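I am opening a notebook page on a structure that is new to me.

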Amino acid sequence: RSDIKMQYKQLQVWNLKLSDAGIYTCEYGAHKVHTSLHVLKLTISMDGRFLANEVPELILMQNSSSPLPDLSITLFDSNNNRVTPELQHKSQEKYIVNLKKLEAMDSGTWVCQVHSDSPLINQNISFAVKVLGFQNPDLERKYATVDSSVIFSWRLNSQKIKWKESFTGQLNWKQEESANTHELLDFSVTEQGQLHETKKSSNFLFEIPERKPESTIEVRFPKVHFNHSGQYQCQLEYQGRHAQSKIELVVMKVSANPAGPLSRGANMTLTCQVSGPLPPSAYLRWERVNGTKMDSKNSKQHEVKLEVNISAAGLWSCHLIEDSDRKISLHYHVEEAPVWINYVIIGASVTGSLLVLGLGCLCIISGISWQRRRQRAKRMAQARQYLLENKTCQCQQ
């Protein structure tokens, strides 16, 4: 592992090891020159290949013929941001530190700056970090209205970091944390970076688009149902380790009671409901299009259902607002009943009132007649009893 260049009086050593540290002497005639070689070795766990949220372990070792110095270590990530490591072990020969939890964006070349005042050491050691994962946020939230179309997309960074190993994964869905998990999709990525997908659930209404960005897991719901809400988790597996990314789907629906046209002077209840809990900064809002401030109502914090009683026809809209941004809106057109329907209703009401009045009078008359017949029968019974008790005989003269 060494070579001497006589022309330049140089000794070249490559593939240095810790054992190569020491004092090297160059003799030329009566002249002797001594050079001390200090060797540093930096290793990173998992050979620098990680999944998202994993914590790398960095080991820095040193060797020298002289007393080993106290080293100062400074780390910079791939975006040249300073990283404060957590020191796990320190001795003169070995320093072990843990880095932060990695994200997909941390992939790239990191730099470890090693410093010592005596002997003077200012050494930058670069090392590669590859983080296989999703470029999505840790928890993404999507809003959709009933019967609308929605696309879920998970973007893998395997092509971006040139990940040359194969790995597998799956897409699962469950409505609540404690609910059963439904397997929707299996996928695999080959060493050449080719993505293959297999639909697992045949009774679930979703599609796998044929054309989509490279290294992207994507499913499409052509018609969202209210019970399609919940958490969709895409998980990848590499060498027995896992990384995942979640998308939470919140579905909105509106209804009216009664559902028919609104008659003049009548009331109707409009209900707006979402399928899952909302973040603290989100709320529901009912309002009438081109209406006044009196024609609007906001939900309270954490409310997932908002009702409003209305007496005015027109176009009513329910908005889901998060951080002052309207995420989705759903409209409900309240029709005003035609005039003839109002007259029919009024006529039916009057007819019904007269009918009730007539029935009432009939009942009263029948009651009085029945009472009279009862009293007359009572008097006749009393008279018969009197005659039976006071019989008289007529004598013939």
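**Salt bridges and a sheet**

I began with Asp 295, which is buried at a relative accessible area of 16%, where buried means under 20% relative accessible area, exposed means over 50%, and partly exposed lies in between, with a 1.4 Å probe and protein chains only. I noted that this is a predicted model, in which local features need pLDDT of at least 70 and side-chain atom pairs count only at pLDDT 80 or more, while totals for chains, interfaces and linings use all residues. Residues are numbered from 1 along each chain as its sequence is written, and side-chain values use heavy atoms, with hydrogens and water left out.

Which side chain meets Asp 295 in a salt bridge? I found that it is Arg 288, at 3.0 Å from N to O, a salt bridge being a side-chain nitrogen of Lys or Arg within 4 Å of a carboxyl oxygen of Asp or Glu. Arg 288 is partly exposed, with a relative accessible area of 23%. I also looked for shared partners, and salt bridges of that kind join Asp 77, Lys 100 and Asp 106 into one network.

I then searched the whole structure, and the search gave 16 salt bridges. One of them links Arg 49 to Glu 165, with the closest N and O atoms 3.1 Å apart. Arg 49 lies in strand β6 (residues 49-51) and Glu 165 in the loop between β15 (150-155) and β16 (167-174), so this pair ties together parts that are 116 residues apart in sequence; strands here are DSSP runs (E, at least two residues), numbered from the N terminus. Both partners are partly exposed, Arg 49 at 31% relative accessible area and Glu 165 at 23%.

I looked up Asp 186 and Lys 200 as well, whose salt bridge has its closest N and O atoms 3.3 Å apart. Asp 186 belongs to strand β17 (residues 182-189) and Lys 200 to the loop between β18 (195-199) and β19 (216-221), so the parts tied together are 14 residues apart in sequence. Asp 186 is partly exposed at 26%, and Lys 200 is partly exposed at 38%.

Last, I turned to an open sheet of 4 strands in the order β5-β7-β11-β10, with antiparallel pairing, where two strands pair if DSSP finds at least two bridges between them. Its edge strands are β5 (39-44) and β10 (86-90), each of which pairs on one side only. I noted that β5 pairs with β7 (residues 57-63) in the antiparallel sense over 6 bridges, and that the bridge partner of Val 39 in β7 is Asn 63.
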